[in-house]
Amino acid sequence: MKEFSVLLTCSSFHAIGIVDTLKNNPENCRVSVYVANCNEEDLPPSSCCDGTFVVPKLTATIISIIFFFMQRIFDRYNYAHVLT
């Protein structure tokens, strides 16, 4: 199996176990694990993963704008069948 990278978006409580499971996989595949969260205090220790990132909070406004444009793209290119 090829090596690959994973980006987790979760709290440190959950991330530590997930990072451990990914890095100690049965295939001994090299997995680079990066963790992102909007709260710095919720990031796991940098010693348990390959990198951590503090990202801005997603607000309802941003999400609604993204969905609005996604819907327009699906409508324009008639991709509605992909969602069903």
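This briefing covers the nonpolar core and the salt bridges of the structure above. The model is predicted, so local features need pLDDT of at least 70 and side-chain atom pairs count only at pLDDT 80 or more, while totals for chains, interfaces and linings use all residues. Residues are numbered from 1 along each chain as its sequence is written, and side-chain values use heavy atoms, with hydrogens and water left out.

**Nonpolar core**

- Eleven residues make up the largest nonpolar core, among them Val-6, Leu-8, Val-19, Val-33 and Cys-49; such a core is a set of buried Ala, Val, Leu, Ile, Met, Phe, Trp, Tyr and Cys residues joined through side-chain atoms within 4.5 Å, where buried means under 20% relative accessible area, exposed over 50% and partly exposed in between (1.4 Å probe, protein chains only).
- Strand S1 (4–8), helix H1 (12–23) and strand S2 (31–37) each supply at least two residues of this core, and S2 gives the most, with three; helices (H or I, at least four residues) and strands (E, at least two) are DSSP runs, numbered from the N terminus.

**Salt bridges**

- There are two salt bridges, each defined as a side-chain nitrogen of Lys or Arg within 4 Å of a carboxyl oxygen of Asp or Glu.
- Lys-23 pairs with Asp-50 at 2.8 Å, N to O; because Lys-23 lies in helix H1 and Asp-50 in the loop between S2 and strand S3 (51–54), this pair ties together parts that are 27 residues apart in sequence.
- Lys-23 is partly exposed at 30% relative accessibility, as are Asp-50 at 33% and Arg-30 at 43%.
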